[in-house]
Amino acid sequence: MLENPSSNLRHDPSLQISFPFQGRWVRKVFVRGLGVPRLQVYGVLRAIKSCLMPRQVRMRRQCAEEIAASGSVPLYCLEAWKRAGHRALRPAELGDLEPILTRCRTIRHDAEEERDLDSDRAKEFLHYVAVDQDFLAHPSLVRFALSEPILRAVSVYLGTVPVLASVALLWSPPETEGAKLKSSQRFHNDHEDTSQVKLFVHIDDVDSDCGVFTFHPAEATRRIRKALGTRRGRLDDVATAKVVPSEAPLTLMGPAGSAYFVDTSRCLHFGSRPAKKGRLLLQVQYLRCNSPAHSQLALGLDEKWAAEPWSSLQRMVLGLRDVDRAAFRQRS
Ligand SMILES: [Fe+2]
């Protein structure tokens, strides 16, 4: 059941910022092809993008500094998060999650009724039940992805007000044990930037039978990558464990409604391995506006959506043009 069935969206690109260029192919050629260190390539790409959108970059950095100065994200929490690259969210940051969980379960139920999910997989071990523009039919989920405590925390962590880069409701179906591991079922870092934040919300209880999201914290990842090289995309468990033999990877398990921030660029991770039980996950990705290998917003909006009473911070994260720092200061 759609929450907003009458939404007759006509995306107006002039309402939102546009990104200078797509950096993904540059990464493929220079980092993977020619072996130029990723940090160098990304530094150059980020600098070029910053030069092409200087006002956006400056405004977002200054607003993040103001949020940090306001003390809305406790310093002890921020330092530990920056060191580890991950943290669990506090209930105060999440609000009442029950309607969000119910909505997500309904979307999956409806998707299953309407079509055979098995024949509509982006990856055979991971179904995209809803992605990006689909969420405009579910405004409560958009509002959750843009809730102020979450945006303030992510802004302080990244040192800039981010853009909403993607939203997805992901179903990892139960699979037969022993299937060969593929793509994101093996250890990897997400490559859009050198740092980013993904918010993961468990829609149902998740235990060790669910093919859980598994990762190494940022510091262990740094040592593993130093030993094994940044050019190699995906890594196997044995090679990884040899570098950090006494540090087992962490897993995200917990009851429905548990939520986590993970910097998937800094933390080696995998998920959705063969498991007895399926897993439904809401995933929201926040990126810097000048992220080297990413150039799109999650939601293309029309005038009706742009006219919603979003705060200045939310308008920035949606990539709407009609916000400036003065408005941010007045309204925050
Ligand atoms: Fe990933």
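Predicted model: local features only at pLDDT ≥ 70, side-chain atom pairs only at ≥ 80, totals over all residues.
An open sheet of 3 strands turns up in the order 6-5-8, and its pairing is antiparallel. Strand 6 (250-251) and strand 8 (269-270) sit at the edges of this sheet, and each has just a single partner strand, so one side of each is left without a neighbour in the sheet. Strand 5 covers residues 214-215, and its antiparallel pairing with strand 8 rests on 2 bridges. One of the residue pairs to look for here is T214 with its bridge partner F270 in strand 8.

Now for the whole chain. The protein chain holds 13 helices and 9 strands. How does its radius of gyration fit with that of a compact globule? For 332 residues, a compact globule would come out near 20 Å, and the protein chain has 20 Å, so the two agree. Along the principal axes, the C-alpha atoms fill a box of roughly 55 × 50 × 40 Å. Of the 332 residues in the protein chain, 40% are buried. Then there is the question of which parts of the sequence touch which: if contacts between residues at least 6 apart in sequence are taken, 86% of them join residues at least 24 apart.

A second open sheet is built from 6 strands in the order 1-7-4-9-3-2, again with antiparallel pairing. Which strands stand at the edges of this one? Strand 1 and strand 2 do, and since each has a single partner strand, one side of each is left without a neighbour in the sheet. On average, neighbouring strands of this sheet are turned by 20 degrees against each other, with direction ignored.

Strand 1 (residues 86-88) runs antiparallel to strand 7 (residues 259-262), and 3 bridges join the two. In this pairing, H86 stands opposite V262 of strand 7. Strand 7 also pairs with strand 4 (residues 197-202), in the antiparallel sense and over 4 bridges. Here F200 has Y260 in strand 7 as its bridge partner.

Further along comes strand 3, which spans residues 163-172. Is strand 3 mostly covered or mostly open? It is mostly covered, as 10 of its 10 residues are buried. Strand 3 pairs with strand 9 (residues 279-287) in the antiparallel sense over 9 bridges, and within strand 9, L281 is the residue that stands opposite L170. Strand 3 pairs with strand 2 (residues 127-131) too, in the antiparallel sense over 4 bridges. In that pairing, the bridge partner of H127 is W171 in strand 3.

Helices get together as well. Helix 1 (residues 24-33) and helix 2 (residues 38-52) have axes that come within 9 Å and cross at roughly 150 degrees, and the crossing is right-handed. On the helix 1 side, the residues that meet helix 2 are V26, R27, F30 and V31, and their counterparts in helix 2 are R38, V41 and L45. By type, the residues of this contact split into 5 nonpolar, no polar and 2 charged.

D132 has a positive phi of about 40 degrees, even though it is not a glycine. D132 lies in the loop between strand 2 and helix 7 (139-145). Is D132 buried or partly exposed? D132 counts as partly exposed, because it has 17 C-beta neighbours inside 10 Å, and being buried would take 20 or more. S272 is a residue other than glycine with a positive phi as well, near 60 degrees. S272 has 27 other C-beta atoms within 10 Å, so it is buried.

Conventions. Residues numbered from 1 in each chain as written. Pairing = 2+ DSSP bridges. Rg over C-alpha atoms; globule rule 2.2 N^0.38 Å. Buried ≥ 20, exposed ≤ 12 C-beta atoms within 10 Å, placed from the backbone. Contact = placed C-beta atoms within 7 Å. Axes fitted to C-alpha atoms, helices over the stretch in contact; angles between N-to-C directions. Left-handed = near helix turned anticlockwise from the far one by under 90°. Nonpolar A, V, L, I, M, F, W, Y, C, P; charged D, E, K, R; others polar.
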